[in-house]
Amino acid sequence: MNDAIRELDVHGMTLYQARIAIDAALRRAKGVYRLRVIHGYHGGTALRDGIRKHYAANKAVLRVELGLNPGETDLVLREF
């Protein structure tokens with residue numbers, strides 16, 4: 001699959017579970033420019049904040065972008 005943006009929904013997961021799912025998606029992200037992580041925010045911000053902090057320091061991620069939707073975080077893997 002060669003999508004420009006791939007989405008991953010981690011609603012209801014713990015931070016540990018979400019990191020495992022995101023790491024697996026990053027390993028399979030050949031040809032993907034962005035991984036859009038859908039984490040929600042109505043149930044609190046611990047998952048969102050943990051994902052943003054952890055992947056901002058990840059060498060596979062160029063940068064973390066905050067979208068217009070506060071329930072999503074884009075992990076930019078490479079430029080268009």
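**Arg52 and its surroundings**

Mentor: Leaving aside neighbours within four places in sequence, Arg52 is in contact (heavy atoms within 4.5 Å) with His39, Val64, Leu66, Pro70, Glu72 and Thr73. This is a predicted model, in which local features need pLDDT of at least 70 and side-chain atom pairs count only at pLDDT 80 or more, while totals for chains, interfaces and linings use all residues. Residues are numbered from 1 along each chain as its sequence is written, and side-chain values use heavy atoms, with hydrogens and water left out.

Arg52 lies in helix H2; helices (H or I, at least four residues) and strands (E, at least two) are DSSP runs, numbered from the N terminus. Arg52 has a relative accessible area of 18% and is therefore buried, a term that means under 20% (1.4 Å probe, protein chains only). From Arg52 to Arg63 the C-alpha to C-alpha distance is 9.7 Å, with a separation of 11 residues in sequence.

Two of the contacts of Arg52, Leu66 and Thr73, also face one another: Leu66 stands opposite Thr73 in E4. Strands E3 and E4 (residues 72-76) run antiparallel and are joined by 4 bridges; two strands pair if DSSP finds at least two bridges between them. These strands belong to an open sheet of 4 strands with mixed pairing, in the order E1-E2-E4-E3. Its edge strands, E1 (5-9) and E3 (63-66), each pair on one side only.

How values were computed. Buried means under 20% relative accessible area, exposed over 50%, partly exposed in between (1.4 Å probe, protein chains only).
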